[in-house]
Structure formats: C-alpha cells, structure tokens
Amino acid sequence: MDLFIYLFAALFSVLNPIGTVPIFVGLTQSDTKKERSRISLWTAINVFIILIVSFFVGQYVLSFFGISIEALRIAGGIIIVGSGFSLLSGQFSKKRGINKKTETEAQLRNDIALTPLAIPMLAGPGSISLLIAFYQEHHTTNEIMISCLAIFAIAIAIFAILRSAHYLSKILGASGIVAISRIIGFIVIAIGIQYIVSAIIAIIKGNLL
C-alpha cells in the first residue's frame, strides 16, 4: 500500500493534471459535453499507454545507450525540478510546449487527446524518467502489479479531472488553480531534489566501497 501511495503521489505531482485544467478548458471551449468526455477518456488512455510502455521498456533503452540509473536519476531530477519551478512561477504551460500558436493549431484539429494533452502536457520527460528509475528498484512481480495499479489509478484521476475541468475552472477560478499548482510545484521540486541526492549518494558509495 505504501508503494502504491508513493508512486501515485509522485506521478500525480509530476503530471499535474490540475495544472492542465485551464489548457483543457481553452482547447475544448467550443466542444459539446459528449465530445469533452471522449477527449478526456482518450487522453487518459494515451497517458496510461505511454506510462506503461515507459515503465517496462525504459530499462532496455538505458541498456542500449549504456546509460546508468544514477545518470538517469540526475537527469530526471533536473527535469522534475525544472517542472516544479515552472509551476511555482506560473510558466508551466510554456515549458510543456503549449504556446498561442500550438493552442490555435490544436483547436483546429479534430482530436487533441494524444497531442498536446497526453504529450507533452501530461506524460513528459519527468514522468517517463521517474518510471524508468522506479522500475530499476521495484521489479518483483508484486511490485510490478502495484506499480501498474498506481499508473491505472493515475489514468482514472486524469479522466475524472479533465472530464470535470470546466466545472473545476468555474469553482476554483484562475487564482485557485494557480494556488494548487504552486503547492504541487513545491512537492515536485522536493521529488526532483530527492532523485538527485539519491543518485549522488549511490555514486559516492559505489566509488568509495
């Protein structure tokens, strides 16, 4: 249960579906309620597939390129910390590649569930590197099952939040969403720093012992 809560909380902080609410509202403002539900569902499905593939295949990518888990943790930690600072400064959407031009192009397209919502808004380098590093430490059958459940739970949370995005936007307002995003940003920074510290400690122990 502790493993499930840890991975769910870490992924939720890095993915930050709450912070995606304003973008989702802007991209789907002219869509019907049924169409918004469909986009929410497919966004959640796409994120689930991306995270699951990253979780299971990521280790082979590391082996192929000869990248150590410590190097991945440091790189992932830097990305995660960067995302956290972006949340605190209110520049998260820009860091995720969503500018006015991208938003306009997305609105003209028929389906936005894969891009820009699933990629790069939700499933970005931070979450992918987090899962790859997580698999290196938790790869027993029981741990893999719990991890898959946590990823599935995240997908459900994303669906629920995006499906309610227009209501959340009205209830929380712009200031409420900003406040929540900044709290999450602080947690994201802590997660990223922990990844970097753990990697440095592992490198020092490996060289000294």
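The entries below follow the order in which I looked things up.

**Entry 1, model.** I note at the outset that this is a predicted model.

I looked up the ring pairs and found a count of eight aromatic pairs. For Phe55 and Tyr135 I read a distance of 5.0 Å between the ring centres and an angle of 85° between the planes, so I recorded the pair as edge-to-face, given that planes over 60 degrees apart fall in that class. Phe55 belongs to helix α3 (residues 33-65) and Tyr135 to helix α8 (residues 125-137), so this pair ties together parts that are 80 residues apart in sequence. I then checked accessibility: Phe55 is buried, at a relative accessible area of 0%, and Tyr135 is buried too, at 11%. I also found Phe4, Phe8 and Phe12 linked into a cluster by ring pairs.

Turning to the surface, I found a nonpolar patch formed by Ile49, Val53, Val57, Tyr60, Val61, Phe64, Phe65 and Ile67, which together have about 830 Å² of accessible area. I looked at one member, Phe65, which sits in helix α3 and is exposed, with a relative accessible area of 57%.

Is Thr28 buried or exposed? I placed Thr28 in the loop between α2 (17-27) and α3, and its relative accessibility of 0% makes it buried. A polar atom of the Thr28 side chain lies 2.6 Å from the backbone oxygen of Phe24. Leaving aside residues up to four places away in sequence, I listed Arg36, Ile39, Ile112 and His166 as the residues that Thr28 touches.

Conventions: Residues numbered from 1 in each chain as written. Predicted model: local features only at pLDDT ≥ 70, side-chain atom pairs only at ≥ 80, totals over all residues. Heavy atoms only, no water. Phe/Tyr/Trp six-rings, centres within 6.5 Å; stacked < 30°, edge-to-face > 60°. Helix = DSSP H or I, 4+ residues; strand = E, 2+ residues; numbered from the N terminus. Buried < 20%, exposed > 50% of the residue type's maximum accessible area, 1.4 Å probe, protein only. Patch = residues over 30% accessible without salt bridge, like charges linked within 9 Å, V, L, I, M, F, W, Y side chains within 5 Å. Areas by Shrake-Rupley, 256 points an atom, 1.4 Å probe, with all protein chains shown as cover. Salt bridge = Lys/Arg side-chain N within 4 Å of Asp/Glu carboxyl O. Polar contact = N/O pair within 3.5 Å; in protein donor to acceptor, adjacent residues only side chain to side chain. Contact = heavy atoms within 4.5 Å.
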